[in-house]
2 protein chains.
Amino acid sequence: MQFSHRLLSETVQSGDTVIDATMGNGHDTLFLAELVGTQGMVYSFDIQPLALEKTHALLDQSHKKFPQVNLIEASHDQISKFVTSPIMGAIFNLGYLPGGDKTIITKSTSTISAIQQCLNLIEIGGRVVLVCYYGHPGGREELTRLLEFVSKLDQKEFSCLRYEFINQINNPPILLCIERKK
Amino acid sequence: MQFSHRLLSETVQSGDTVIDATMGNGHDTLFLAELVGTQGMVYSFDIQPLALEKTHALLDQSHKKFPQVNLIEASHDQISKFVTSPIMGAIFNLGYLPGGDKTIITKSTSTISAIQQCLNLIEIGGRVVLVCYYGHPGGREELTRLLEFVSKLDQKEFSCLRYEFINQINNPPILLCIERKK
């Protein structure tokens, strides 16, 4: 299991509401859909129609019904317009859509706004997981701003962990996990 | 449960052999002793007699017998002289003994030698966990050398993860976890 998925599966349970803030190819959406089950709710966001197409195709491949999944063609900085109920988890894959247009990348301003919207919704014990790819142009700048934002979150309210594989080549992603403590 | 203990409890099982490379007050030794049980084996190292006294006292407090525990008054760079069987886990608390003589600190040369000796003994799936306190004089230098050493470990053989609480004040420890892949 991917490390980011492990972090979510430790807290998210069947029936929970969760957010995939960067739908991309739909792998996280599928994972979340399985995790929360038909009693739960998954809201997935992407500004690129291609992402919705790919995700639809991926979900269809499994030959299951996923009434719990809502694919939303909108920027993740619109989360609070679509999601109002408390969430137990959210995942962000920051960078660009693999196989898609590499010039369309996530940007720190809207990313940070989206993270803040998730933190406003997150329940105690819930986690917002950020998978930060930073090898692309603009990636390091986004990472720096993100780290700045996350490291300033109140330690009484949130525990913020940074996970990083330090002996791999090719800039493996850095993971940030924000967990609400109280 | 402490994060370092969680990382070990995910892989170490009853009957396993493990190393506490920095006995200190004995908390890790006690934890490891419970984890491997009387069928396992714990080797604990410290150069300070005070550490052995405190650890003995801590083990006695629990009113249990711990035939699996070996307290060894020696530097952890002597591990290979005392341990020859394969191990599933090792823990290092790097810094100084809380409540002890703050001028006696772990040093990068012997620390790295000790880690290497553990890596020579570690089984597939086993973990060497390094809890790095670096707020004391000499601490940052040790950390830098450690990161340098760990980041050069072959990614085919070891997966090395760095864990760090990034929104806490007072230099919380950085955790490094080296897991043998094959």
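E34(A) counts as partly exposed, its relative accessibility being 42%, where buried means under 20% relative accessible area, exposed over 50% and partly exposed in between (1.4 Å probe, protein chains only). The side chain of E34(A) meets that of K64(A) in a salt bridge, a term for a side-chain nitrogen of Lys or Arg within 4 Å of a carboxyl oxygen of Asp or Glu. Because E34(A) lies in helix α2 (residues 27–36) of chain A and K64(A) in the loop between α3 (49–61) and β3 (69–73), the pair ties together parts that are 30 residues apart in sequence.

This is a predicted model, in which local features need pLDDT of at least 70 and side-chain atom pairs count only at pLDDT 80 or more, while totals for chains, interfaces and linings use all residues. Side-chain values use heavy atoms, with hydrogens and water left out. The predictor's confidence in each residue, pLDDT, runs from 0 to 100; its mean over chain A is 91, and 94% of the residues of chain A reach 70 or more.

The structure holds 12 salt bridges over all chains, including these:

| Pair | N to O distance |
|---|---|
| E34(A) – K64(A) | 3.1 Å |
| R145(B) – E141(B) | 3.3 Å |
| E164(B) – R162(B) | 2.8 Å |

E164(B) is buried, with a relative accessible area of 13%, and R162(B) is likewise buried, at 16%.

Chain A is superposed on chain B by a rotation of 180° with 0.0 Å of shift along its axis (RMSD 0.0 Å), by least squares on the C-alpha atoms of residues with pLDDT of at least 70 in both. That is the relation of a two-fold axis.

Methods. Residues numbered from 1 in each chain as written. Chains lettered and ligands numbered in written order. Helix = DSSP H or I, 4+ residues; strand = E, 2+ residues; numbered from the N terminus.
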